[in-house]
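Subject: Structure handover

Dear colleague,

Please find the structure below, followed by notes on what was found in it.

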Amino acid sequence: MADESWRVPTPVQELAGAAEEPPSRYVLREQDRPGSLLVADDMPEPIPVVDLSRLPDDAAEAAKLRSALQSWGFVLVSNHGIEASLMDEVMDASREFFHQPLEEKQKYSNLIDGKRFQIEGYGNDRVAREDQILNWNDRLHLKVEPEDGRNYAKWPKHPESFREVLHDYASKTKIIRDGILRAMANSMRTTSSAIARFNYYPPCPKPELVNGGQPHSDGGVLTILLADREVGGLLVQRDGIWYNVPSHPYTLLINLGDVMEVMCNGAFKSPVHRVVTSAEKERISLAVFHGVGLETAIEPAAGLLDEKRPARYRKIGALDFFAGLQEHIARGTTSSSPTALGTAARRPFGGGGPPTFRSPICQVKVDETKPLVSQ
Ligand SMILES: O=C(O)CCC(=O)C(=O)O
Ligand SMILES: [Fe+2]
C-alpha cells in the first residue's frame, strides 16, 4: 500500500520550536510570499466601526453598515453585547487548550482512526495532495449551531470552563448575526412601500376551468396575507407540484417576494402560488405587499457576494422591474406555467440548478450567455 503519511502532517506547534526553518511543504513559491505582495500603507477610507446598539433604528448607523459591507465586505462593530471579560475568557480558554501537551489535544483529533479527515476537531486542514503547500497553523473546529448538532466529544474538557465559555460566546454571536441581518433588512426598507389588496373570489360554476388567481410570485419584499378563515383555495408550488396551503384562523401567512429573492441572491425563494375557486362558496383575502420605493436599485446585497457566490441576478431599477411585472400581469404571463413564460425562464442561470418558472424574477436572473433582455 502506498505511503500516505503525507496526509497527516505534524502539528505546526510541534514544528515551531524544533527547526530553524519551516519544512519545505510549508514554504511558498517566491511570488506568493508575503514579502512579494503589494500591500498599501493606507486605506483609502477606514473600515467603519458600527455601533450595534444603535441598529436597526438609527438610519446613519444603518447606512454606515451598508456602505461598509458594500465597499469592504468588512465592518467593525462596537457595543455588540459581548462583555470584554467573556472575550478574554474565550481567548484564554483557547490558549490554554493549545498549550497542553500533544497527547491531550489529540484526544480531540480531526482524524478518524488517525487517518480520515473530518472538519470537526483538532488538527491541520485537510491535505488533499502530496505537493500541497500547508498553512502554518493548527486548528480546532467545533460546530456550535445548531445546538442540537453539537458533537461534545470534540469539545475540550480542559480548561474546565471551555464548554461554558464557548457556549456563552457562540450564543452571543448569534444575537449579533440576527441584529446585522435585521439591520440589512431595515436598510432595504428605508424607502419602503406597502400596498393592501383585498381579494374577493365569488363562487364559480366550473371552478376547474378558471383561475381564482393566476400562478404568480409576489413582486415585493414580503407579503402578509390574511386568508379567508373558512374557505381554502390557495396553492403553493414546490418542485413542480402544487400544495394546498392550510388556513389557520387568526394566523397571518407571510411570503417573500421577488425583490427579497434578488436581494438575498436567491438564498430565499419567492414562492409561486395561485388561487382556485369554489363552486359554492365565495372567498376573500387581504394581501399587504411590502415593497421598495420606485427609486430603489434592486440587486443582490453586496455583503452576500464573494468569488464563490457570484451575483445570480442583474441589477435592475425598481421602476423597470415593476413595469415588467405589470406587463406580465397584463399579458397573463406572470405565470409559473412553462407555456406562458417562453424562453427567458428556461435559460441556464448563472447559479446553475434546474430552470425556474418564476416569471418576474426571470428577467433579472444572470445569464452568462445572453445579454439581459425582457421577453
Ligand atoms: O387570496 C389569496 O389567498 C392569495 C392572494 C394572492 O396571492 C395575491 O393577492 O397576490
Ligand atoms: Fe400573491
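His 216 and Asp 218 are both buried, where buried means under 20% relative accessible area, exposed means over 50%, and partly exposed lies in between (1.4 Å probe, protein chains only). The two residues coordinate the iron ion (ligand 2) together with His 273, through NE2 of His 216, OD of Asp 218 and NE2 of His 273, at 2.1 to 2.2 Å. Along the chain these donors follow the spacing H-x1-D-x54-H. Donors are N, O and S atoms within 2.8 Å of the metal (3.2 Å for Na, K and Ca); water is not among the atoms, so the site may look incomplete.

This is a predicted model: local features need pLDDT of at least 70, side-chain atom pairs count only at pLDDT 80 or more, and totals for chains, interfaces and linings use all residues. Residues are numbered from 1 along each chain as its sequence is written, chains are lettered from A and ligands numbered from 1 in the order in which they are written, and side-chain values use heavy atoms, with hydrogens and water left out.

On the chain as a whole, there are nine helices and 16 strands. Helices (H or I, at least four residues) and strands (E, at least two) are DSSP runs, numbered from the N terminus. Of the 375 residues in the protein chain, 35% are buried. Among contacts (heavy atoms within 4.5 Å) with a separation of 6 or more, 69% are between residues 24 or more positions apart.

Next, helix H3. Helix H3 has 15 residues and spans 21 Å from its first C-alpha to its last, close to the 21 Å expected at 1.5 Å a residue; the expected span is 1.5 Å times one less than the number of residues. Its buried residues are Leu 86, Val 90, Ala 93, Phe 97 and Phe 98. They cover an arc of only 130° around the axis, which puts them on the same side of H3. The arc is that of the directions from the helix axis to the C-beta atoms. On the face turned away from the buried side, H3 carries the exposed residues Ala 84 and Met 91.

Val 90 is placed in H3, which runs over residues 84-98. Val 90 counts as buried because its relative accessibility is 16%. Leaving aside residues up to four places away in sequence, Val 90 touches Val 165 and Tyr 169.

The aromatic pairs number seven. The rings of Phe 97 and Tyr 122 have centres 5.8 Å apart and planes at 75°, so this pair is edge-to-face. The pair links distant parts of the chain, with Phe 97 in helix H3 and Tyr 122 in strand S5 (residues 121-123), 25 residues apart. Phe 98 also pairs with Tyr 122, and that pair is tilted, at 6.1 Å centre to centre and 50° between the planes. Rings of Phe, Tyr and Trp (its six-membered ring) pair if their centres lie within 6.5 Å; planes under 30 degrees apart count as stacked, over 60 as edge-to-face and the rest as tilted. Ring pairs join Phe 97, Phe 98, Tyr 108, Tyr 122 and Phe 162 into a cluster.

Regards
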